[in-house]
Amino acid sequence: PNLDEKKDESRIDEDTEVCCSICFDDVPQSGASCIEACGHTFCNNCWSDMLEMQIKEGHTFDILCMQKGCNQLVPPSLVEKLVQPETRQRYMHFLSKTFVDHAKHIRWCPAPGCDNAITEAVTEGRVRVATCLCGNRICWECEREAHPPICCKILQKFEETVKDDEGNLGYMIENNLDASTLKWMQDNTKQ
């Protein structure tokens with residue numbers, strides 16, 4: 001076919017109407033969108049309404065085709081094409097948050113008010129430590145404040161011991177007693 005015939009064919013495709021199986025409106029092909037992987041086509045208004053709602057509810061990686069029984073994921077390109085700019089920005093935020101939440105090599109910084117993701121940890125003693133751009137240092141394993149050279153397990157045992165002795169420690173501090181005085185009091189107190 002020559003160039004003029006190709007132009008006519010493309011005009012026919014654009015002018016062809018598609019019936020949306022959600023709202024049952026007949027819309028021109030240019031007013032409908034299709035997920036290529038499954039071939040399901042719906043009008044842009046129905047796509048847009050559904051995508052806006054899903055994104056407002058926090059969905060990103062799990063938005064499925066609207067065709068009943070179809071498990072095909074909606075590609076990001078379709079989302080970006082059909083949602084409002086504010087919703088697109090929210091979608092991108094949720095998308096990156098979901099990615100970090102599921103990635104094994106990335107952590108969120110736990111510092112209050114910090115929204116940074118941390119990607120690199122270095123080994124200090126027996127502990128892998130990561131430093132955020134905000135300056136916060138965390139243990140890569142337990143995601144708490146960095147505690148080299150003590151491993152997480154030893155730190156946990158130490159904290160349990162301190163918690164168990166908390167009453168004794170408080171009494172000692174309040175009364176300016178040293179450990180030997182406290183030991184004498186325990187040994188010489190009736191049970």
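**Reading the terms in a predicted model**

The accessible surface of the chain comes to about 13,600 Å², with 52% of this area belonging to carbon and sulfur atoms; such areas come from the Shrake-Rupley method with a 1.4 Å probe, and for residues only the protein chains shown count as cover. The model is predicted: local features need pLDDT of at least 70, side-chain atom pairs count only at pLDDT 80 or more, and totals for chains, interfaces and linings use all residues. Residues are numbered from 1 along each chain as its sequence is written, and side-chain values use heavy atoms, with hydrogens and water left out.

Me: What makes F24 count as exposed or buried?
Reply: Buried means under 20% relative accessible area, exposed over 50%, and partly exposed in between (1.4 Å probe, protein chains only). F24 has a relative accessible area of 61%, so F24 is exposed. F24 lies in the loop between strand 1 (17-19) and strand 2 (26-28).

Me: Which class does E143 fall into?
Reply: The relative accessibility of E143 is 39%, so E143 counts as partly exposed. E143 is found in the loop between strand 9 and helix 5.

Me: What sets the phi of F24 apart?
Reply: Most residues other than glycine have a negative phi. F24 is not a glycine, yet its phi is positive, about 65°. E143, also not a glycine, has a positive phi of about 60°.

Me: How many helices and strands does the chain have, and what makes a run count?
Reply: Helices are DSSP runs of H or I with at least four residues, strands are runs of E with at least two, and both are numbered from the N terminus. By that rule the chain has seven helices and nine strands.

Me: Why are strand 7 and strand 8 called paired?
Reply: Two strands pair if DSSP finds at least two bridges between them. Strand 7 and strand 8 (residues 127-131) have four bridges, in the antiparallel sense. The bridge partner of E124 is V127 in strand 8, and A121 stands opposite A130.

Me: What do strand 7 and strand 8 form?
Reply: They form a hairpin with two residues between them. In the turn, G125 has a positive phi of about 65°.

Me: What makes strand 7 and strand 9 stand at the edges?
Reply: The open sheet has the order 7-8-9, with antiparallel pairing. Strand 7 (121-124) and strand 9 (137-139) each have a single partner strand, so one side of each is left without a neighbour in the sheet.

Me: What is the peptide bond from P148 to P149?
Reply: Most peptide bonds are trans. The bond from P148 to P149 is cis, with omega near 5°. P149 is in the loop between strand 9 and helix 5 (152-164).
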